[in-house]
Amino acid sequence: MHQALESLLDLLDLERIEEDIFRGRSRSAVVPRVFGGQVAAQALVAAGRTVPAERMAHSLHAYFLRAGDPGAPIVYSVDRIRDGASFTTRRVVAVQHGQPIFHLSASFQTYEEGMEHQAGMPQAPDPESLPTAADMLPRYASAFRDAGVVDRLIEARAAVDLRYVDAPPWGSVGTPREPRSQVWFRTNGKLADDPLLHVCLATYVSDMTLLDSVLLAHGRGGWAVGDVVGASLDHAMWFHRPFRADEWLLYDQESPSASGGRGLGQARIYTQDGRLAITVIQEGVVRIPR
């Protein structure tokens, strides 16, 4: 297992300080605030640890309220909203310096048989044919004002093998493109057979590239380039079918709208054999610096 993945798994292994209160740490990110995917994944870990193991996460809805301080611990308080015959609902508030920075509601369900249909998987190249982040990112070093961004991006994504199908936003600055983006991803190492762990790692990765499609539509390179400023506002995920985060997943993303200083990203995540595993929607602040 890659050392960075071990570090990420340690980050998700929250300290339980009361029955329904957990404490988490943070890691450095590309920008000087806590990475949103980390907070969402840790909050889902906290919720899941108060739910019977046979109940699987099937949806989450979250709001990013304040920028997180990477130098301070985050306390996650879980409310046991409902324990029904089939569904369990939890609410989690993440707090730093006495203020809420993140709010999550998650629902869990016992497995049952039901009707089956899904949207078909789009065409995409074999992930093994695409360059790794470590191979690809240095090609775009000139796009960043800060020469250290490439190294920070590689370090931030070292736990995950994330491969772009086409050039990322910073690879086509100034040239608007169709607001669609695809990446393949999997963890850099095998994971334990814990469904909650795989769901939490997919949640972590889901915040990495979802707003790329907004940037592509306007020929913008992104926060690391400095031609936009922004942050995630809200995030929703639906987990349709079992999957493993240590096996290739296709993240097919698009942006149907941007207006009012906000951009919307929506996506479907497929297993390599074509099963629709997850649907994701996120809105974020996307502003052009004045």
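Author: Let us begin with definitions. Helices (H or I, at least four residues) and strands (E, at least two) are DSSP runs, numbered from the N terminus, and two strands pair if DSSP finds at least two bridges between them. This is a predicted model, in which local features need pLDDT of at least 70, side-chain atom pairs count only at pLDDT 80 or more, and totals for chains, interfaces and linings use all residues. Residues are numbered from 1 along each chain as its sequence is written, and side-chain values use heavy atoms, with hydrogens and water left out.

Reader: Which residue in β10 stands opposite V183?

Author: V183 faces Y251 there. V183 itself belongs to strand β8. Strands β8 (residues 180–187) and β10 (residues 249–259) run antiparallel and are joined by six bridges. Although V183 and Y251 are 68 residues apart along the chain, their C-alpha atoms are separated by 5.2 Å.

Reader: What holds strands together in a sheet, and what is the strand order here?

Author: In general, strands of a sheet pair through backbone hydrogen bonds, either parallel or antiparallel. Here an open sheet of twelve strands shows antiparallel pairing in the order β1-β2-β4-β5-β6-β3-β9-β12-β11-β10-β8-β7. The edges are β1 (15–18) and β7 (160–164); each has a single partner strand, so one side of each lacks a neighbour in the sheet. From one strand to the next, the twist averages 25 degrees.

Reader: Which helix lies across β6?

Author: Angles need a rule: axes are lines fitted to C-alpha atoms, for helices over the stretch in contact, and angles run from 0 to 180 degrees between N-to-C directions. Contact means heavy atoms within 4.5 Å. Helix α2 (residues 36–48) lies across β2, β3, β4, β5 and β6, and runs at about 50 degrees to β6.

Reader: Is V183 buried or exposed, and which residues does V183 touch?

Author: Buried means under 20% relative accessible area, exposed over 50%, and partly exposed in between (1.4 Å probe, protein chains only). With a relative accessible area of 0%, V183 is buried. Leaving aside residues up to four places away in sequence, V183 touches L162, R163, Y164, T209, L249, L250, Y251 and Q253. By contrast, H97 counts as exposed at 62% relative accessibility. H97 lies in the loop between β5 and β6, and its phi is near 50 degrees, a positive value in a residue other than glycine.

Reader: How many aromatic pairs are there?

Author: Rings of Phe, Tyr and Trp (its six-membered ring) pair if their centres lie within 6.5 Å; planes under 30 degrees apart count as stacked, over 60 as edge-to-face and the rest as tilted. The count by this rule is five aromatic pairs. One of them, F35 with Y204, is edge-to-face, at 5.1 Å centre to centre and 85 degrees between the planes. This pair links distant parts of the chain, 169 residues apart: F35 is in the loop between β2 and α2, and Y204 is in helix α5 (residues 195–209). Y204 is buried, with a relative accessible area of 3%. For F185 and Y251, the ring centres are 6.2 Å apart and the planes stand at 70 degrees, so this pair is edge-to-face. F185 lies in strand β8 and Y251 in strand β10, 66 residues apart. F185 is buried at 1% relative accessible area, and Y251 is buried at 0%. Ring pairs also link F144, Y164 and W170 into a cluster.
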